[in-house]
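Here is a walk through one protein model, from its core to its pockets and loops. Keep the coordinates open as you read.

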Amino acid sequence: AVAQTDSSGAYSLAIDTGTWTLRARSMGYNGSLSGVAVSSSNVANQTITLSAISGFTVRQERQETITPTSGGLVTNSDITGFKLNIPANALGTGSNAGTVKTQNNTAVPNPSTGTVLSKNAVTVSAIDSSGQPIKNLNESVTIVVPYTEADIPSGSSESGLVLGIWNDATQSYDSLSTTVDTTANTLTATV
């Protein structure tokens, strides 16, 4: 289950009875509680203390303007090796420039199986010239996301890494067919 906290940090999760591990993330921070037992009654006062993620620096999101009819290549100087290749008309057919925002993001949900390489997660969003979010692509875009071998969990292999996109409707990740370049330490997928 995934939930967002309110402004005071309170949260609520709809889960079955059993023993659970709760995890929380915020930009540059994470924490967890193990062995939270849930019976038929509500469990309250489960405070998760967040600690700074070692080796991660929170940076401002980067913005680049893109004219939909031209497309373009988006990079982020804070994420060495990150590329988003947007072909002409993928973001629409307008000739007025929109904005693509990218940011390294540790505040991402865990997948139902596997692990997020949280220091390597990237948030990408786009808005059109009138400030409205672009939620659908007219053409496929290609994304290249770098990773750090040291952040791969023990027992996992580079060849098993995949990129995923968070799906708000299903509250889970949609895995993308991913090419892993173990020399350049990058993951490439078409969205």
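The largest nonpolar core has 21 residues. Leu84, Ile86, Val100, Ile143 and Leu163 have the most contacts inside this core. E6, E9 and strand E13 (186-190) each supply at least two of the core residues. Strands here are DSSP runs (E, at least two residues), numbered from the N terminus. A nonpolar core is a set of buried Ala, Val, Leu, Ile, Met, Phe, Trp, Tyr and Cys residues joined through side-chain atoms within 4.5 Å. Buried means under 20% relative accessible area, exposed over 50%, and partly exposed in between (1.4 Å probe, protein chains only). In soluble globular proteins, nonpolar side chains tend to be buried together.

The model is predicted: local features need pLDDT of at least 70, and side-chain atom pairs count only at pLDDT 80 or more, while totals for chains, interfaces and linings use all residues. Residues are numbered from 1 along each chain as its sequence is written, and side-chain values use heavy atoms, with hydrogens and water left out.

Stay with leucine 84. Which residues is leucine 84 in contact with, leaving aside its neighbours within four places in sequence? They are Gly72, Leu73, Val74, Val100, Val124, Val141, Thr142 and Ile143. Contact means heavy atoms within 4.5 Å.

Now the pockets. A pocket is an open set of points on a 1 Å grid over the protein atoms alone, where a 1.4 Å probe fits, with protein on both sides within 12 Å along at least five of seven lines; lining residues have an atom within 4 Å of a point. Grid points are joined across faces, edges and corners, and a volume is the space filled by probe spheres set on the points.

The largest pocket has a volume of about 1800 Å³. Its lining has 50 residues, and Val122, Gly164, Ile165, Trp166 and Tyr173 lie nearest the centre. Five strands each supply at least two lining residues: E6 (83-86), E8 (122-127), E9 (142-146), E10 (164-167) and E11 (172-175). E8 gives the most, with six residues. By class, the lining of the largest pocket has 33 nonpolar, 15 polar and two charged residues. Ala, Val, Leu, Ile, Met, Phe, Trp, Tyr, Cys and Pro count as nonpolar, Asp, Glu, Lys and Arg as charged, and the others, Gly among them, as polar.

A search of the whole structure finds one aromatic pair. Tryptophan 166 and tyrosine 173 form this edge-to-face pair, 5.0 Å centre to centre with 75° between the planes. Rings of Phe, Tyr and Trp (its six-membered ring) pair if their centres lie within 6.5 Å; planes under 30 degrees apart count as stacked, over 60 as edge-to-face and the rest as tilted. Tryptophan 166 counts as partly exposed because its relative accessibility is 25%. Tyrosine 173, at 22%, also counts as partly exposed.

The second largest pocket has a volume of about 1100 Å³. Its lining has 32 residues, with Ala1, Val2, Ala3, Arg23 and Ala24 nearest the centre. Strand E1 (residues 18-26) gives the most to this lining, with seven residues.

Finish in the loops. Asparagine 89 lies between E6 and strand E7 (98-104). Its phi is near 75°, a positive value in a residue other than glycine. Asparagine 185, in the loop between strand E12 (178-181) and E13, has a positive phi of about 55°. Asparagine 185 counts as buried because its relative accessibility is 16%.

Key
Helix = DSSP H or I, 4+ residues; strand = E, 2+ residues; numbered from the N terminus.
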